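Visitor: Please take me through one part of this model in close detail. Start with the overall layout, then zoom in.

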Amino acid sequence: QHAHRLLKGYPNTYALSKLLAEELVHSYRNKIKFVITRPAVVISAWEEPYKGYVDNKKNGMIGPMMAIASGALRTVYSNPNKLLEMIPVDIATHAILALTCKRGLTKGDNIIYVNILDSYTHPYTYKQYFELLLGVVRSYPLRNQLWWPYCLVTANTFYYKFRRLTYQYLPALLGDIGTFLFGRKRQ
């Protein structure tokens, strides 16, 4: 209860920090022109600097994508029919620059708030997205795969936990035991 009061009803510190930052920006709107952009989950580039460019393999969807591609991530807990909100980094960057330019050319102390999404032009549900991803990684497999890539999206909590236990934790535990028995160093 105490933590929930400290978070002002927000689900986590990330959401709360966004609120606090926007409140701070709002308090300076008479002195500086602002645009607040809220990009969806940022993914690899559409075209610039080249298709598929990503500078970090751990942020956003790139980490889970790599885990699925390697066969390590076998189950995702989500509604399979829910739209997955993603935006390529170059599209998000272009939108932010265009919105900043627009705000600089307009008068007044209004703050422009924009959600940057791609689901209107390229709508993918979680299920469709992961099926597409699996098709790509099966056609172009990684060199360091643990297992053949497969991933199920489910909103059933029990089924999700069961699959995580049987397809992720137990194999990892068996791998650790094997590593220990053969005297190899864990990675």
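Guide: From the N terminus on, the order of elements in the protein is α-α-β-β-α-β-β-α-β-α-β-α. That gives six helices and six strands. Note that this is a predicted model.

Along the principal axes, the C-alpha atoms fill a box of roughly 70 × 45 × 35 Å. Buried residues account for 27% of the 187 residues. Among contacts with a separation of 6 or more, 72% join residues 24 or more positions apart. The accessible surface is about 13500 Å², and carbon and sulfur atoms hold 60% of that. As for charge, there are 24 positive and 11 negative side chains. The centres of the two sets are 8 Å apart.

Now the close look. Helix α3 covers residues 62-70. Its buried residues are Ile 62, Met 65, Ile 68, Ala 69 and Ser 70. An α-helix has 3.6 residues a turn, so residues three or four places apart point the same way. What covers the buried residues of α3? Helix α5, residues 126-139, is part of that cover.

Take Ser 70, which sits in α3. Its relative accessible area is 12%. Ser 70 counts as buried because that value falls under the 20% cut-off. Which residues does Ser 70 touch, leaving out those up to four places away in sequence? The contacts are Leu 142, Asn 144, Gln 145, Leu 146 and Trp 147. Just after α3 comes Gly 71, with a positive phi of about 90°.

Next, Arg 163, for comparison. Arg 163 belongs to helix α6, residues 157-181. Is Arg 163 buried or exposed? Arg 163 is buried, with a relative accessible area of 5%. Setting aside residues up to four places away in sequence, Arg 163 touches Arg 74, Thr 75, Tyr 150, Leu 152 and Gln 168.

Tyr 10 lies in the loop between α1 (2-6) and α2 (13-27). Its relative accessible area is 31%. Tyr 10 is therefore partly exposed, as the value lies between the 20% and 50% cut-offs. Beyond the residues up to four places away in sequence, Tyr 10 touches Ala 15, Leu 16 and Leu 19.

Last, the cysteines. A disulfide is a covalent bond between the sulfur atoms of two cysteines. How many disulfides does the structure hold? The count is zero. Cys 101 is partly exposed, at a relative accessible area of 48%. Cys 151 is buried, at 8%.

To return to the part you asked about: α3 has buried residues that include Ile 62 and Ser 70. Helix α5 is among what covers them. Ser 70 has contacts including Leu 142 and Trp 147. Gly 71 follows with its positive phi.

Note on methods: Residues are numbered from 1 along each chain as its sequence is written. This is a predicted model: local features need pLDDT of at least 70, side-chain atom pairs count only at pLDDT 80 or more; totals for chains, interfaces and linings use all residues. Side-chain values use heavy atoms; hydrogens and water are left out. Helices (H or I, at least four residues) and strands (E, at least two) are DSSP runs, numbered from the N terminus. Buried means under 20% relative accessible area, exposed over 50%, partly exposed in between (1.4 Å probe, protein chains only). Contact means heavy atoms within 4.5 Å. Accessible areas come from the Shrake-Rupley method with a 1.4 Å probe; for residues, only the protein chains shown count as cover. Lys and Arg count as positive and Asp and Glu as negative; His and the chain ends are not counted. The place of a charge is taken as NZ of Lys, CZ of Arg, CG of Asp or CD of Glu. A disulfide is a pair of cysteine sulfur atoms within 2.5 Å.
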